[in-house]
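Reader: I'm new to reading protein structures. Could you walk me through one, feature by feature?

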Amino acid sequence: MTQPVRETSLEEYLRDDALRMTEQRAWFHAHPERAHGEKGTVAEIARILSLLGYEARDVAGGVVAETAPHGPYRAYRADIDALPINEVPGRPYGSTVPGMMHACGHDGHIAIALAIARWAAEHRSELPHPVRFIFQPAEETASGAMPMIDAGALEDVMDILGVHLWSPLDVGTVVIHDGAIFGNVDRFQVVVHGKGGHGGLPHRTKDPVVAASHMVTALQSVVSRRIAPFDIGVVTVGRIAGGTAFNIVPDSVEFEGTVRTFDAGVQGTVHEEIRRVVEGIASAWDAAVDIDIAKDCPAVVNHPAMVKRVRHAMESMAGRLVETVTDPVTVGDDMAFFHERVPGCYLLVGSGNAAMPDREHHQRSFDLDPNALPLAAELCIRTLLETDPA
Ligand SMILES: [Zn+2]
Ligand SMILES: [Zn+2]
């Protein structure tokens, strides 16, 4: 496990490239596109890659390019979609698309991947294995990875690496989790069928509003009373809808929510308990109920050999990048589908600083500190230069 790169030279290379990374990130930030609508983003990525000498091709709405015509490849994946959020006004690099914003840092992911591709184009002979770059659409809907995989994005790929910038953590920190870093994401939908009628004569109805209210309240106890204290689980009801007027008991009410877990056993228990609670309350209120629980995205589980490789690659960045330990995060990422097929490592790279008003992702004042970009690129290049088998 050695890396032939001259350490200061890579650091210097990326220091020289930092402004370009910041500018490219700013361009993508200003031009956000929603999941499955990333046409301009894809075109700009392909344009930059072809200027670097790559043959970029469209694969299932994303972009794929390689440093060599034949594998086997090490893959590097970046997600490219934005979110339907109205950005806070006044930023020089702010979104030019009303109601659309890069509020998860995927603009930075693109800039990092392009910097790695730029370095790789100039240093092909130093790479122990050729690299395939995968720019993936529609991560936020967890529906971009599988079409790319089905279209062959992982053919002849040995392993995969990727970065998620993480603004709750400071620049200069990285999380390299052994095992699961992001959780299972499931979705449940419930329709409560009662019997509508006059709001002044509720005893002649089967009120689904009251039944659904009891269900939502009771679901709060699934995690606290059915899951062991040190197991991880989340049950959130995010939407509820029913009724047409203040004085009418409606026929039905529907609600939906999400389940987040890390362990398959816990996941099964939570699903079972949701059904039991909802069906039990429906029966108590003499209402009928339809329940649908779907698994949207599995957990992102890092492979031990890949984790070891990243840690080794990081040794020469001591003092500039520090590994920090956090709990796994109960969000999802369809990087999981790649990791299910080849050994993978997904890193969280700190991109926040104390001056940010709100560091949470998926909200309108989200931002990232561009100083994170060269650090992330350097760690990934060093990992791609490692010579051990995963
Ligand atoms: Zn996101
Ligand atoms: Zn994201």
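Reader: Which residues does Gly144 touch, not counting residues up to four places away in sequence?

Author: Before that, some ground rules. This is a predicted model, in which local features need pLDDT of at least 70 and side-chain atom pairs count only at pLDDT 80 or more, while totals for chains, interfaces and linings use all residues. Residues are numbered from 1 along each chain as its sequence is written, and chains are lettered from A and ligands numbered from 1 in the order in which they are written.

Author: Now the contacts: two residues are in contact if their C-beta atoms, placed from the backbone, lie within 7 Å. Leaving out residues up to four places away in sequence, Gly144 touches Ala35, Gly61, Gly62, Gln136, Pro137, Ala138, Glu139 and Asp334. There's also His36, 108 residues apart from Gly144 in sequence and 7.6 Å apart in space, C-alpha to C-alpha.

Reader: Where is the place of Gly144? And how many C-beta neighbours does Gly144 have inside 10 Å?

Author: Helices (H or I, at least four residues) and strands (E, at least two) are DSSP runs, numbered from the N terminus. Gly144 sits in the loop between strand S4 (131-136) and helix H4 (145-150). As for burial, a residue is buried if 20 or more other C-beta atoms lie within 10 Å of its own, exposed if 12 or fewer, and partly exposed in between, with C-beta atoms placed from the backbone. Gly144 has 25 C-beta neighbours inside 10 Å, so Gly144 counts as buried.

Reader: What is the phi of Ala138?

Author: Most residues other than glycine have a negative phi, and most peptide bonds are trans. Ala138 has a positive phi of about 55°, although it is not a glycine. Ala138 is also in the loop between S4 and H4, and counts as buried because it has 24 C-beta neighbours inside 10 Å. Asp156 is another residue other than glycine with a positive phi, near 65°. Asp156 is in the loop between H4 and strand S5 (157-170), and with 13 other C-beta atoms within 10 Å, Asp156 is partly exposed.

Reader: Which peptide bond is cis?

Author: The one from Gly71 to Pro72, with omega near 0°. Pro72 lies in the loop between S2 and strand S3 (73-79).

Reader: Which residues of S2 are on one side and which on the other?

Author: In a regular strand the side chains alternate between the two faces of the sheet. In S2, Gly62, Val64 and Glu66 are on one side and Val63 and Ala65 on the other, and all are buried.

Reader: Over how many bridges do S1 and S2 pair?

Author: Two strands pair if DSSP finds at least two bridges between them. Strand S1 (residues 57-59) and S2 pair over three bridges, in the antiparallel sense, and Arg57 has Val64 as its bridge partner in S2. The hairpin of S1 and S2 has two residues between the strands, and Ala60 there takes a positive phi near 50°. S2 also pairs with S4, antiparallel again, over four bridges. There, the partner of Val64 in S4 is Ile134.

Reader: What is the order of the four strands in the open sheet?

Author: The order is S10-S12-S8-S13, with antiparallel pairing. Strand S10 (233-242) and strand S13 (288-297) stand at the edges with a single partner strand each, so one side of each has no neighbour in the sheet. From one strand to the next, the twist averages 15°. S10 and strand S12 (residues 252-261) share nine antiparallel bridges, and Val235 has Val259 as its bridge partner in S12.

Reader: Which strands does helix H5 lie across?

Author: Axes are lines fitted to C-alpha atoms, for helices over the stretch in contact, and angles run from 0 to 180 degrees between N-to-C directions. Helix H5 (residues 208-226) lies across strand S8 (184-193), S10 and S12, at about 170° to S10. Among the buried residues of H5 are Met215 and Leu219, and what covers the buried residues of H5 includes S8, S10, S12 and H6.
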